[in-house]
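Please open the model in the viewer and keep the selection panel at hand.

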Amino acid sequence: MTTTIPIDQLKADLRKTALARRDALPATERQAAAEAIAVRVFPVPIKLGVIVSGFSPLKTEINPLPLLRKLAAGGATLALPVVDGRGKPLIMRSYEFGQALNEGVWGIREPKDDAPEVDPDILIVPLAAFDRRGNRIGYGAGYYDMTINRLRSRKPITAVGIAYAAQEVPEVPVTPRDERLGLVLTERAVVEFRKA
C-alpha cells in the first residue's frame, strides 16, 4: 500500500529541517556569509534609480543589509516590505538607511505608513530552503509568492533569493501558486535560473 504525503506536509517537514540546519550555523559563519555575498559582484545590473526591495532579517535569516548598503551606494533606491494582512501581497515601501522603522508582524522592522509605496525592479527574497530549479520554501504564508506574482503582472522583475549554502535541498515540492526565483545568492555561489 502506497501512502501519498500531502504537499503541505512535505513542505512543512522540509521547512522544519531546513530551519534547524540554518539555526545550527554559528553566528560568525552567518555574518561571514552575509559579507561574502555583499562583496561579490551583484549579478543584476544596477542602474541609477533601480528599485531594490530587501527585508529586515528575522532570527537566523541571512542578513541582507550589507548587500543593500552596497546596492544603495551603487545608485539603487531601496524598499522594505510591510505586511498588509494575511492572504495579501506585501506592500513595498521606500526606505533609506537611518530612517526610523515600525515594529511589524513578528517584530519585523518595516517602514512607517507615510513612506511611499513602490514597485521594485529587483526583490531580495528570504527563504527557508531552495533547490537548483529556482523553487523556494518560505515560512508558509505565501506572502512573497503573492507579491512576486502581483509585481510580475505589472512589469518585468528579478526575484533574487538570498541564503546560506546549507539551505539548498535536492528538491522543493511546488504548487501552482509558488513563484520561481531568478537567482539565489549564497556565500559560495550565484545560482542562476534565468533563461539565457
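A residue is called buried when its relative accessible area is under 20%, and exposed when that value is over 50%. The model is a predicted one.

By that cut-off, helix α4, to be selected as residues 143-152, is mostly covered, with seven of its ten residues buried. Highlight Y143, Y144, D145, T147, I148, R150 and L151, which are the buried residues of α4.

Next, select strand β2, residues 77-82. This strand is likewise mostly covered, since five of its six residues are buried under the cut-off of 20%.

Which strands are joined to β2? One is β1 (residues 51-53), which runs parallel to β2 and is joined to it by three bridges. Selecting V52 shows it opposite L78 of β2. Another is β3 (residues 91-95), which runs antiparallel to β2, with five bridges between them. Here L80 has R93 in β3 as its bridge partner.

Finally, move to the loop between β1 and α3, where K59 is located. The backbone of K59 has a positive phi of about 55 degrees, although the residue is not a glycine. Most residues other than glycine have a negative phi. Is K59 buried or exposed? K59 counts as exposed because its relative accessibility is 78%, and the cut-off for exposed is over 50%.

Technical notes:
Residues numbered from 1 in each chain as written. Predicted model: local features only at pLDDT ≥ 70, side-chain atom pairs only at ≥ 80, totals over all residues. Heavy atoms only, no water. Buried < 20%, exposed > 50% of the residue type's maximum accessible area, 1.4 Å probe, protein only. Helix = DSSP H or I, 4+ residues; strand = E, 2+ residues; numbered from the N terminus. Pairing = 2+ DSSP bridges.
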